[in-house]
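Student: I have a new model open and would like to go through it with you. Could we start with the surface and then work through the contacts?

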Amino acid sequence: MLQHALDKWEELGTESGHPVAEEHWHVTDFYNGIKEKVPTVDGCYPGWKIGVTRRGLRETNQTDGRRLDLEGEWPSRLCNIPMQGRTLWGPRNNPMESSLLSILKPNAFGDVDPNILGSPAYMKGPDYFPPDRAAPWSTPPEPEVNPWEIAGSRRLLDNANASNAQQINSGNFLSSIEKENLPSAEEEAIARGKVNATALRILAEDPDAIVPGLGIDVKWGLSGVCDGTTHAWCERTKDVKCLYSAAQDNRGVLCFNPLSGWVVFDVKNVKNGFIGARIEAWRGAGEIETAKGWKEVNNGGSGNYKKEGLERHLLQKAQQERDARYVEEMTNRIEEDMLLDDSSPRRLGGGQSCGASGDYIFEFAINGKIVASWDKDAFCAHYTRTGYNMDLVKLLDDEGVTGDFELAMRMSPAHSNQNSVMCITHLYWS
């Protein structure tokens with residue numbers, strides 16, 4: 001990314017001389033231009049204005065993906081009403097409060113994330129404390145006075161406590177005997193007083209009951225505080241290839257398959273009768289590590305919470321490896337997007353697939369009542385592309401409805417290919 005920026009800067013300087021003109025790097029005029037043009041700019045087809053006409057998408061074939069239709073259903077009134085939202089993408093202000101998981105209902109063991117490693121990525125400490133060591137090219141040669149050292153007279157220290165905690169949590173410091181004697185996550189939940197006995201009984205007796213499932217897979221993405229500020233301390237770990245880049249782009253996801261159970265959100269203060277979500281229906285079967293090897297919904301009502309000893313240690317290790325793989329894959333995708341020179345495919349594009357792993361039934365419920373059960377074709381008919389990489393599904397659209405709602409979604413275990421996977425990244429409401 002840095003090399004791309006330097007190349008662009010050099011190109012502009014060669015064309016117009018130095019210093020580079022402000023319009024190439026100041027963003028105020030750019031943002032004001034967007035605000036002025038939105039009400040009048042053409043939408044997906046000439047003559048169909050954004051905010052005036054609805055647009056939808058539907059499946060055509062493997063090579064073309066989906067094509068834009070004029071009869072779509074994303075409501076144009078959203079352009080004129082205030083929206084609320086939660087996401088796992090970033091950077092964003094107040095990462096914990098604005099997280100999608102901040103509105104996710106905890107499961108029967110008191111967890112919003114059933115990853116038995118314990119702490120979410122946001123809470124993992126960095127491998128070292130700020131500030132960064134100064135870049136060599138910014139340090140005056142001896143014997144000149146270095147104002148940076150005077151202004152910030154602190155040494156760069158390893159965060160031994162955070163690093164050791166992560167090692168212990170992953171089991172790397174445990175002896176063979178300690179690994180064999182690891183308690184189950186269920187025992188730990190009981191010790192914390194977090195177990196909901198009623199919800200646990202319901203999970204065991206009725207796999208279709210609308211209670212939070214135990215098989216969702218949360219990929220947090222980057223660790224640390226990634227809030228978009230210049231002083232953020234984001235993903236400061238030994239695995240980062242270039243710490244000086246200070247990149248904060250993050251695309252976390254919450255994934256589920258037919259055995260994961262229900263994903264349940266508390267959506268509060270709905271004022272304009274709208275709820276929608278950005279959902280990735282195109283991911284493959286390998287995305288769900290939590291429910292790997294399960295034969296029934298919620299693994300019979302216990303998830304992975306009864307695994308103990310070496311079995312738990314191996315699961316923790318697999319989860320840690322999964323998180324590392326995801327961060328690497330996510331970073332590569334972000335870099336590919338940012339290096340696109342032509343902005344047009346970044347805005348609309350052809351759309352993603354409605355499902356890469358076979359047929360399925362997608363269900364969602366509001367306040368404990370199932371509202372819709374869509375097969376793959378029906379889901380595709382509702383899958384709306386509003387911009388590049390923004391594939392959305394409308395879940396509520398009734399201007400007369402207000403209040404607090406419980407929203408739940410799942411892939412039906414009885415009617416879905418067991419390899420089918422969906423991931424939600426954003427939830428919007430108004």
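Tutor: Val27, Phe30, Tyr31 and Ile34 make a nonpolar surface patch of about 400 Å², and please keep in mind throughout that this is a predicted model.

Student: Where is isoleucine 34 found, and is isoleucine 34 buried or exposed, or something in between?

Tutor: Isoleucine 34 sits in helix H2, which covers residues 28–37. Its relative accessible area is 40%, so isoleucine 34 is classed as partly exposed.

Student: And charged patches, which residues form the negative one?

Tutor: The negative surface patch is built from Asp7, Glu10, Glu11 and Glu15. Of these residues, glutamate 11 belongs to helix H1, residues 2–16, and glutamate 11 counts as partly exposed because its relative accessibility is 38%.

Student: OK, salt bridges next. How many does a search of the whole structure find?

Tutor: The search of the whole structure gives 13 salt bridges. One of them joins glutamate 188 to arginine 312, with the closest N and O atoms 3.1 Å apart. That pair connects distant parts of the chain, since glutamate 188 is in helix H6 (residues 185–192) and arginine 312 is in helix H8 (residues 309–338), 124 residues apart.

Student: Why does arginine 312 count as buried, and what about glutamate 188?

Tutor: Arginine 312 has a relative accessibility of 4%, and therefore counts as buried, because buried means under 20% relative accessible area. Glutamate 188, at 29% relative accessibility, counts as partly exposed.

Student: What about glutamate 205 and arginine 201, how do their side chains meet?

Tutor: Their side chains meet in a salt bridge, with an N to O distance of 3.4 Å. Here both residues, glutamate 205 and arginine 201, belong to helix H7 (residues 197–205), and they are four residues apart, which is about one turn of the helix. Glutamate 205 has a relative accessible area of 57% and is therefore exposed, whereas arginine 201, with a relative accessible area of 43%, is partly exposed.

Student: Which residue does arginine 410 meet in a salt bridge?

Tutor: Arginine 410 meets aspartate 208, and the N to O distance in this salt bridge is 3.0 Å. This pair, too, links distant parts of the chain: arginine 410 lies in strand E16 (residues 403–411) and aspartate 208 in the loop between H7 and strand E5 (217–219), 202 residues apart. As for accessibility, arginine 410 is buried because its relative accessible area is 7%, while aspartate 208, at 42% relative accessibility, counts as partly exposed.

Student: Switching to aromatics, how many pairs does the count come to?

Tutor: The count comes to eight aromatic pairs. Among them is the pair of phenylalanine 362 and phenylalanine 364, which is tilted, with the ring centres 6.3 Å apart and an angle of 40° between the planes.

Student: Are those two buried or exposed, and which residues form the aromatic cluster they belong to?

Tutor: Phenylalanine 362 and phenylalanine 364 are both buried. The cluster is formed by Tyr360, Phe362, Phe364, Trp374, Phe379 and Tyr383.

Student: Now the backbone: where is there a cis peptide bond?

Tutor: Glycine 90 and proline 91 are joined by a cis peptide bond, and omega there is about 10°. Proline 91 belongs to the loop between strand E4 (89–90) and helix H3 (147–151).

Student: And which residues have a positive phi without being glycine?

Tutor: Asparagine 299 is one of them, with phi near 55°, and asparagine 367 has a positive phi of about 55°. The loop between strand E11 (274–280) and H8 holds asparagine 299, while asparagine 367 is in the loop between strand E12 (361–366) and strand E13 (369–375).

Student: How accessible are asparagine 299 and asparagine 367?

Tutor: Asparagine 299 has a relative accessible area of 25% and is therefore partly exposed. Asparagine 367 is partly exposed as well, because its relative accessible area is 47%.

Definitions and conventions
Residues numbered from 1 in each chain as written. Predicted model: local features only at pLDDT ≥ 70, side-chain atom pairs only at ≥ 80, totals over all residues. Heavy atoms only, no water. Patch = residues over 30% accessible without salt bridge, like charges linked within 9 Å, V, L, I, M, F, W, Y side chains within 5 Å. Areas by Shrake-Rupley, 256 points an atom, 1.4 Å probe, with all protein chains shown as cover. Salt bridge = Lys/Arg side-chain N within 4 Å of Asp/Glu carboxyl O. Lys, Arg positive; Asp, Glu negative; His and termini not counted. Charge placed at Lys NZ, Arg CZ, Asp CG, Glu CD. Helix = DSSP H or I, 4+ residues; strand = E, 2+ residues; numbered from the N terminus. Buried < 20%, exposed > 50% of the residue type's maximum accessible area, 1.4 Å probe, protein only. Phe/Tyr/Trp six-rings, centres within 6.5 Å; stacked < 30°, edge-to-face > 60°.
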